[in-house]
Amino acid sequence: MRIAVCDDEEKFRNQARDMVDKLAGSLDVVVDAYSDGNQLLAAFDKKPYDVLFLDIEMPVMDGITLAKKLRERSDSIYIVFLTGHVEYALEGYEVNALRYLTKPVQEEKLREVLRFVMDQNTSKKQLMIKEDGEELLLNIADIIYFEAQNQYVMIYTEDGEHLIRYNIGDFEEQLKKDGFFRTHRGYLVSLAKVKKLVKNEVIMEGPDGDISVPVSRTNTKSLKEALYAYVENTAM
């Protein structure tokens, strides 16, 4: 995820940037800071951002004008205004602003914004597979786990099962940033679906009840660490 902060006051600009860095933790997040709107627009045109924190009162270009220019470039970006004056809220509706945060920014309010955006992005992510000659898109948030079956992989989701000719190791590499962990040579699980750990197995949350998936002895410690990290990051 790419995030940008734009504020002409260095104090508040650095505060917001550092706070986002802190809350993001080990997640795959890039945070850049800009002192005026023209700098941000130039950078956005080279490589777009996903979330923008914009100060409203800036001398070169005010935040509302900047937001309108950015909205012309993308309908999918999340825009959050930083301000001490709530009377600007009505103007924010014109650019579909996600939220207003008063300055100085409170960590808990910023955490709420980041959590919402992350949840939205996760729910939108999809995995393309080829099953019986047809290409299908699976919502990553719906996948429970993968099971290797000789030259095939069975994908268990909340909506059903999909058997495809694939290498489970390729899925492990592809989904490592989306909260998936290789519990066993033949199993790749979604940490979001884990209910609890018991001896040599992990209990997954399935559509029709609990599912038991094996955990190799050598992966038990790493799985616990991955779960702790996942819970910490998703609870921000």
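Ser190 lies in strand E12, which spans residues 187–190. The structure is a predicted model. A search of the whole structure finds 14 salt bridges.

**Ser190**

- Ser190 counts as buried, because its relative accessibility is 5% and buried means under 20%.
- Leaving aside residues up to four places away in sequence, Ser190 touches Ile143, Ile144, Gly179, Phe180 and Met204.

**The five-stranded sheet**

- Five strands form an open sheet in the order E10-E9-E8-E12-E11, and their pairing is antiparallel.
- The edges are strand E10 (160–165) and strand E11 (180–184), each of which pairs on one side only.
- On average, and with direction ignored, neighbouring strands of this sheet are turned by 20 degrees against each other.
- Strands of a sheet pair through backbone hydrogen bonds, either parallel or antiparallel.
- Strand E8 (residues 143–149) and strand E9 (residues 152–157) pair in the antiparallel sense over six bridges.
- Ala148 stands opposite Val153 in E9.

**Salt bridges at Lys103**

- Side chains of opposite charge can pair when their charged atoms come close.
- Asp7 and Lys103 form a salt bridge through their side chains, at 3.0 Å from N to O.
- Asp7 lies in the loop between strand E1 (2–6) and helix H1 (10–24), and Lys103 in the loop between strand E5 (99–102) and helix H5 (107–124), so this pair ties together parts that are 96 residues apart in sequence.
- Asp7 is buried, with a relative accessible area of 0%.
- The side chain of Asp55 also meets that of Lys103 in a salt bridge, at 3.3 Å from N to O.
- This second pair links distant parts of the chain, with Asp55 in strand E3 (residues 51–55) and Lys103 in the loop between E5 and H5, 48 residues apart.
- Asp55 counts as buried, at 3% relative accessibility.

**The salt bridge between Arg99 and Glu112**

- The side chains of Arg99 and Glu112 meet in a salt bridge of 2.9 Å, N to O.
- Arg99 belongs to strand E5 and Glu112 to helix H5, so the pair ties together parts that are 13 residues apart in sequence.
- Arg99 counts as partly exposed at 27% relative accessibility, and Glu112 is partly exposed with a relative accessible area of 32%.

Note on methods
Residues are numbered from 1 along each chain as its sequence is written. This is a predicted model: local features need pLDDT of at least 70, side-chain atom pairs count only at pLDDT 80 or more; totals for chains, interfaces and linings use all residues. Side-chain values use heavy atoms; hydrogens and water are left out. A salt bridge is a side-chain nitrogen of Lys or Arg within 4 Å of a carboxyl oxygen of Asp or Glu. Helices (H or I, at least four residues) and strands (E, at least two) are DSSP runs, numbered from the N terminus. Buried means under 20% relative accessible area, exposed over 50%, partly exposed in between (1.4 Å probe, protein chains only). Contact means heavy atoms within 4.5 Å. Two strands pair if DSSP finds at least two bridges between them. Axes are lines fitted to C-alpha atoms, for helices over the stretch in contact, and angles run from 0 to 180 degrees between N-to-C directions.
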